[in-house]
Amino acid sequence: MLKYTDIPNHGKLGFHLRALKGLVEHDPSTNKYYLTDRGQLTGEFIGKIRSSAAKDDPSLMHEPVRYVRSLKLRDHAVLFYDTEEIKREISFPFLRAGLLKGEAVIYLVSENILDSEKREIRKYGISVDKQGKEAFTIMSADEWYIKNGKAQAQTIIDNWLTLLKEKQKAGFIGLRVASEMNVFFNYAKSKELLIYAATLGIQLALAMCALCLYETRRLDEQQFIQLNHCHGHSIFKGIAFKTI
């Protein structure tokens, strides 16, 4: 397999194959590797992006951290991540950028990892001790999205509008939100999630900048495609780009 790649040794090749877990599988009966269904979809997806960018402007392909820092109010972005480390590497700089721009910053995470994420973001240098009308708030995605066992798109959007008005009254120019979306799958609300994402649209109607965080293993192929179409900006496997 090495002769088909630019990778000089088996150790480095093994490292890259492990990084592609879920996209590439090994068949021990033939000792060959092949793309899984998700791998084929991912390859086609990235190929189309690169092809489109090459025809237009190679600068349309961006490095993710720099890209998310530059997102503005009304931008609606999505991060498809495989590990917690990748999620934090992208979302934490995104959140800090909001603080520097005078935006109120919200970080929504699953209830079961709320405490651990508080510790991680403290390590990154963002204070989580100030709540209410202060600049940064970390809170439970479960409590925000699910009310009485229901996840209703318009109710969630109305709640964002109410929170936005509160923050603007306190002197902030808008809201910057990074939100884990696993809660919808945890409560079997994937249909409601797609309605919510589509209702928000590729560009937000509110003075908000949103980065929606999706763990790729929780998505099937159709959900992956639909969610990408609902956002104006996508970050995936080390690349970031505008979808509109």
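Predicted model: local features only at pLDDT ≥ 70, side-chain atom pairs only at ≥ 80, totals over all residues.

Tutor: On a 1 Å grid over the protein atoms alone, a cavity is a set of points where a 1.4 Å probe fits but cannot get out, and its lining residues have an atom within 4 Å of a point. Points are joined across faces, edges and corners, and a volume is the space filled by probe spheres set on them. Residues are numbered from 1 along each chain as its sequence is written, and side-chain values use heavy atoms, leaving out hydrogens and water.

Student: Which residues line the largest cavity?

Tutor: The lining is made by H76, Y145, W160, V177, S179, M181, Y196, L200, L204, M208, A210 and C212. The volume of this cavity is about 80 Å³. Helices (H or I, at least four residues) and strands (E, at least two) are DSSP runs, numbered from the N terminus. Strand β7 provides the largest share of the lining, three residues.

Student: What are the buried residues of helix α9?

Tutor: Buried means under 20% relative accessible area, exposed over 50%, and partly exposed in between (1.4 Å probe, protein chains only). In α9 (residues 190-200), L193, Y196, A197 and L200 are buried. Looking down the axis of α9, they fall within an arc of 95 degrees, so they line one face of the helix. That arc is taken from the directions from the helix axis to the C-beta atoms. Just after α9, G201 has a positive phi of about 80 degrees.

Student: How many residues does the largest nonpolar core have?

Tutor: In soluble globular proteins, nonpolar side chains tend to be buried together. A nonpolar core is a set of buried Ala, Val, Leu, Ile, Met, Phe, Trp, Tyr and Cys residues joined through side-chain atoms within 4.5 Å. The largest one here has 39 residues, and Y145, W160, L175, F184, Y196 and Y214 have the most contacts inside it. Helix α7 gives the most to this core, six residues.

Student: Is R217 buried or exposed?

Tutor: R217 counts as exposed, because its relative accessibility is 60%. You'll find R217 in the loop between β7 and α10. Its side chain makes a polar contact (a pair of N or O atoms within 3.5 Å; within protein, one must be able to donate a hydrogen and the other to accept it, and residues adjacent in sequence count only if both atoms are side-chain atoms). The partner is the side chain of E215, at 2.8 Å.

Methods: 1 Å grid on protein atoms, 1.4 Å probe; cavity = no way out; pocket = protein on both sides within 12 Å on 5 of 7 lines; lining within 4 Å.
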